[in-house]
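Good morning, and thank you for joining this group meeting. Please look at the sequence and the structure as I place them before you.

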Amino acid sequence: ANAEYAEMKEQISKLPPLIQYETLQRLKEENKATNRGVFAAVRDNPDDYSALQIRNYLKTQAINSHIDAVRKGLAGTNTVIRDDGSSVPAKRIVSDNTTEYVLYQTEEG
């Protein structure tokens, strides 16, 4: 499963940042849906279940890490990705090595 994602990651990285983000979000949701069925199939075998949990955790962490990297890259391009997946224009106000303050307009104004 992780080798499969490694191949996909290479292809996804060639896409524009916003498309990368959307693709990774879809991949994350598909992964959740797929895992439900796979976990149900091995629920009676504790060793297989545990091995599957570890593989799933590693794959999910890799996807989340990639999503975070894309999100940070988009923040540098004056775009912010909100929790709902939509993007809005933004302006970086100030930042340091650990914190970044970005100004963007919400629907409320």
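Helices (H or I, at least four residues) and strands (E, at least two) are DSSP runs, numbered from the N terminus. Is Thr 23 buried or exposed? Thr 23 is buried, because its relative accessible area is 18%. The cut-offs are these: buried means under 20% relative accessible area, exposed means over 50%, and partly exposed lies in between, with a 1.4 Å probe and protein chains only. Apart from neighbours within four places in sequence, Thr 23 is in contact with Ile 12 and Leu 15, where contact means heavy atoms within 4.5 Å.

A word on the origin of these values. This is a predicted model, in which local features need pLDDT of at least 70 and side-chain atom pairs count only at pLDDT 80 or more, while totals for chains, interfaces and linings use all residues. Residues are numbered from 1 along each chain as its sequence is written, and side-chain values use heavy atoms, with hydrogens and water left out.

Now to the chain as a whole. It has 3 helices and 3 strands, and from the N terminus on the order is α-α-α-β-β-β. The radius of gyration of the protein chain is 17 Å, well over the 13 Å that the globule rule gives for 109 residues, so the chain is more spread out than a compact globule. That radius is taken over C-alpha atoms, and the rule is 2.2 Å times the number of residues to the power 0.38. Along the principal axes, the C-alpha atoms fill a box of roughly 55 × 30 × 25 Å. Of the 109 residues, 25% count as buried.

Let us turn to the interior. In soluble globular proteins, nonpolar side chains tend to be buried together. The largest nonpolar core here has 10 residues, among them Tyr 5, Ile 12, Leu 24, Val 70 and Ile 81. Such a core is a set of buried Ala, Val, Leu, Ile, Met, Phe, Trp, Tyr and Cys residues joined through side-chain atoms within 4.5 Å. Which helix gives the most to this core? Helix H3 does, with 4 residues. Val 70 is in contact with Pro 17, Gln 20, Tyr 21 and Leu 24, leaving aside neighbours within four places in sequence.

Three further residues deserve attention. Thr 60 is found in helix H3 and is partly exposed, with a relative accessible area of 24%. The C-alpha atoms of Thr 60 and Lys 32 are separated by 9.0 Å, although the two residues are 28 apart along the chain.

Val 88 has its place in strand S2, residues 87-95, and counts as buried at 10% relative accessibility. With neighbours within four places in sequence set aside, the contacts of Val 88 are Asn 78, Thr 79, Val 80, Arg 82 and Tyr 104.

Where is Asp 83 found? Asp 83 is in the loop between strand S1 (79-81) and S2. At 79% relative accessibility, Asp 83 counts as exposed. From Asp 83 to Gln 25, 58 residues apart along the chain, the C-alpha atoms are separated by 11 Å.

That concludes my presentation, and I thank you for your attention.
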